[in-house]
Amino acid sequence: MTAASLELLDAAALAGADVGALRRQVKDMLPRLSRAFEEGVDIDQLLRARALAVDELMRLAWQRHLGDDAGYFALVAVGGYGRAELAPASDIDITVLCPAPPDRAQASRLENFLAFLWDIGLEIGHSVRTIDDCASEAGADVTIATSLMDARLLAGELRLVNDMLAATGPSRSWPSAEFFRAKRREQEERHAKFDHTAHKLEPNVKEAPGGLRDIQMIGWVMQRHFGTPQLADLVTHGILTADEFQGLNDGRRFLARVRFALHLLYGRREERLLFDAQLKLARQFGYQDQGRNRAVEQFMQRYYRTVTELYRLNEMLLELLEEKILLEGGEPAEPFNARFQLRHGFIEITHPNVFRETPSALLEIFLLLQQNPQIKGVSPTTIRELRRARDLIGDDFRRDPANRELFMRILREPHGVTHELRRMNRYGILGRYIPAFGAITGRMQFDLFHAYTVDEHILFVVSNLRRFALPRFDHEYPDCSRIMQSLAKPEIAYLAGLFHDIAKGRGGDHSELGAVDAEQFCLEHGLSPYDARLVSWLVKHHLLLSVTAQKKDINDPEVIRTFAETVGDQLHLDYLYLLTVADVRGTNPTLWNSWKARLFRDLYEQTRTALRRGLETPIDKEELIDETKQAARARLLESGFDGARLDALWANFSDEYFLRHGEEEIAWHAELLADRAESSTLVRLRRDVTSGGATVFIAARDDGSLFGRATAVLDQLGLNILDARVVPVGAGHAMHTYIVLESDGTALDEYRELRIVEALERKLNQAPSLLTVKRRVPRQVRMFDTPVEISFNRDPWNPRTVMEISASDRPGLLSEIGRAFAETGIRLQMAKVTTVGERAEDVFFITDDNGRPLDDPARQARLEALLRERLESNTG
């Protein structure tokens, strides 16, 4: 089926049709395009068919409104419409060319023409220009110059189009060298908006690196320099091989189909592969769940691998075009060694068979780039040969001791480790050398927690570790930098980073499976058995520190002792701490905040103290409580606080209070409570300099509902609640402490602090039923069907129950849980609040109303049933 044979319009009914009839024809185009797409009509034919249908409507409107001026104006399609590539909701851009500015009557007819197009449902972008206007505006703006290059006559004077093309062509403005520089700069700026990665959670099919715009950019450069808009001519001009062009064209067609499907799905111009679209397009493109490998993840892996390959091709093409357009030919090469030389500052092979004759050169080139930072990059012809020679990296290559030594030298070099690992990944070398890494290339996890594909995440983790090793980044994370720079073997951290998630998607525990791979790889690459076991241990336990800090009570000495026993020694702790910080920071930029940094640092410091003290003589609770009391008393007495008054105040406090709060915080509480009337509600807030968060302190009567009421107020204010501690103080009273940040993870400003205190003071005395959270559930969270999971476990060291809840993260979640506690007579001691993408994974340390663990299965069942009723019926 050809584009012309696709009947998107009823041609017989066009001639005498009124506005309403034409509008119906325009509206009917979308379902007709949808049917043709579902029937498998070629994507290029579909794009052209819509453009031709719009052409017919344009000419009809032109004839009706400007027929008498047909020889004066030229109606020209520009941009994507000029290329006759119109997706269902693509921009329809036109330019009306005229030899001189239109007079009043002509301008009126043009206005009627344009209004008619909008009336029949064509959303157009338009300009009316003289040839001089085009020359002036194109000369000043490369984007306008680019759009006019795609000009295609629809009606009127061909001479005007030819004059415009001559006036805006490379002989008059933007000669090919300047045009190339401008478009490359434009691409770099565009890529920067996407953090130079195509692997975003909801990628932009058109604008992101490796997207359709990158391919169009190559075509524009070709057209400006060679005078041809056809990508196939890349082969004719010796820039691409036939196979490379086939890969480029296949990638373009796949992305064009994805974009076409997006426009059909939404009925508007949407260039992002949003989560709901990913699910629907996966089914539409024929993918099905295969065990744990979901259809959407298979579809997105194909997408990410496609854009990655197009990104590689784009990089190589730009270098090849730069050679032809900007660099003077014939410059002599500067010998480097028998295999490599420099030309124009780029490293290149000395002859085409270098990699075939010396396969180890496939790794050597990256080592040379590290050792010689003055090298600008790899020449495009060498990139091509690298790509062709990837098949040489097989089992024999990996077993070769020389190649294993080269790879370890790359990891141990003082410069360029991350840069060259990324380059190895772009050129497809890293996934060949470590096949398990190749298996996860482009693999995504369909959730909000993991912002990048697995391979991108792994390289971000290694990059984060690398920054700890470089003194110029000491200001970012001073503690991590100090620890990393004291380690004798930083490559152990890099190897743990490379392997920590390498077994994702295989089924089973990826930490266990990755640990096996890591130990084998390390032993094969000459690491000592101890170092190999250390890397393997880090991979196996890479989640341990994060889970302990965020889900356990790290104020409890028993938790610290158990964690320290697992870690074993200071060296393991140092590496694990560094890997954890690098891992969480590299998972999702929005997840890392100052509170997490403090939690991890506190766990690290407490464990270091326990290891230094000796695991055989751990600190006990009584000793820790006594030390905290004495330090807080000394601080208060020094400031003039009366000792007898302090004893009276502390008489109502349990030992748990002194376990959960530090000496400085205890002193602050005492000063606040000294003058408080027993029946009043006291609310205070202060910034925590070390965590960047704010501590909200509430002392008030508490019948069990205060947690639900306080969290409702804080949540409605748009705050992110990170931690909650509740301490009973005498009969019917309690002290609540909440750690909060802004929803984006930033600290509060002074104005917000005043608003929070005022809102709590005003609303905490209201009935719980009046305190509701009315903020909307974020769009991305609504895309996921997160089941409610609830578990109860006895705290092994304390008389309380640990309840864990996993549910969809949404406004009001903590308040609903708090209300359920109040209705069932549950007392909360502490809450650890964690958001994992679209999921809330919260831990609550609870007792019954008599302060005993919630051991009764019937009572647990009643609480669980109430929580499920509340949480499952309020999914947003």
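# Notebook: rings and cores

I started with Phe113: leaving aside residues up to four places away in sequence, Phe113 touches Met58, Ala61, Trp62, His65, Leu66, Leu75 and Ile94. Contact here means heavy atoms within 4.5 Å.

A note on what I'm looking at: this is a predicted model, where local features need pLDDT of at least 70, side-chain atom pairs count only at pLDDT 80 or more, and totals for chains, interfaces and linings use all residues. Residues are numbered from 1 along each chain as its sequence is written, and side-chain values use heavy atoms, with hydrogens and water left out.

**Cores.** Next I looked up the nonpolar cores (sets of buried Ala, Val, Leu, Ile, Met, Phe, Trp, Tyr and Cys residues joined through side-chain atoms within 4.5 Å). Buried means under 20% relative accessible area, exposed over 50%, and partly exposed in between, with a 1.4 Å probe and protein chains only. The largest core has 211 residues, and Phe113 is among the members that touch the most others, along with Met58, Tyr81, Leu273, Phe299, Phe407 and Leu465. Helix H13 gives this core its largest share, 15 residues. Apart from it I found another core, of 48 residues, including Phe844 and Tyr738.

**Helix H13.** Helices (H or I, at least four residues) and strands (E, at least two) are DSSP runs, numbered from the N terminus. How many of the 31 residues of H13 are buried? I got 25, so H13 is mostly covered. I also checked the span of H13, residues 295-325: it should be 45 Å, and the end C-alpha atoms are 44 Å apart, which agrees. The expected span is 1.5 Å times one less than the number of residues.

**Ring pairs.** I noted 28 aromatic pairs in the structure. Rings of Phe, Tyr and Trp (its six-membered ring) pair if their centres lie within 6.5 Å; planes under 30 degrees apart are stacked, over 60 edge-to-face, the rest tilted. Phe340 and Phe355 have ring centres 6.4 Å apart and planes at 55 degrees, so I wrote them down as tilted. Both are buried. Phe821 and Phe844 are edge-to-face, at 5.6 Å and 80 degrees. Phe821 is in helix H38 and Phe844 in strand E17, so this pair ties together parts 23 residues apart in sequence. I also logged one aromatic cluster: Phe397, Phe407, Tyr433, Phe499 and Phe521.

**Charges over rings.** Which ring does Arg422 sit over? It's Phe460, with the charged end of Arg422 4.8 Å from the ring centre. Arg224 lies over the face of Phe179, at 5.2 Å. The rule is NZ of Lys or CZ of Arg within 6 Å of the ring centre and within 35 degrees of the ring normal.
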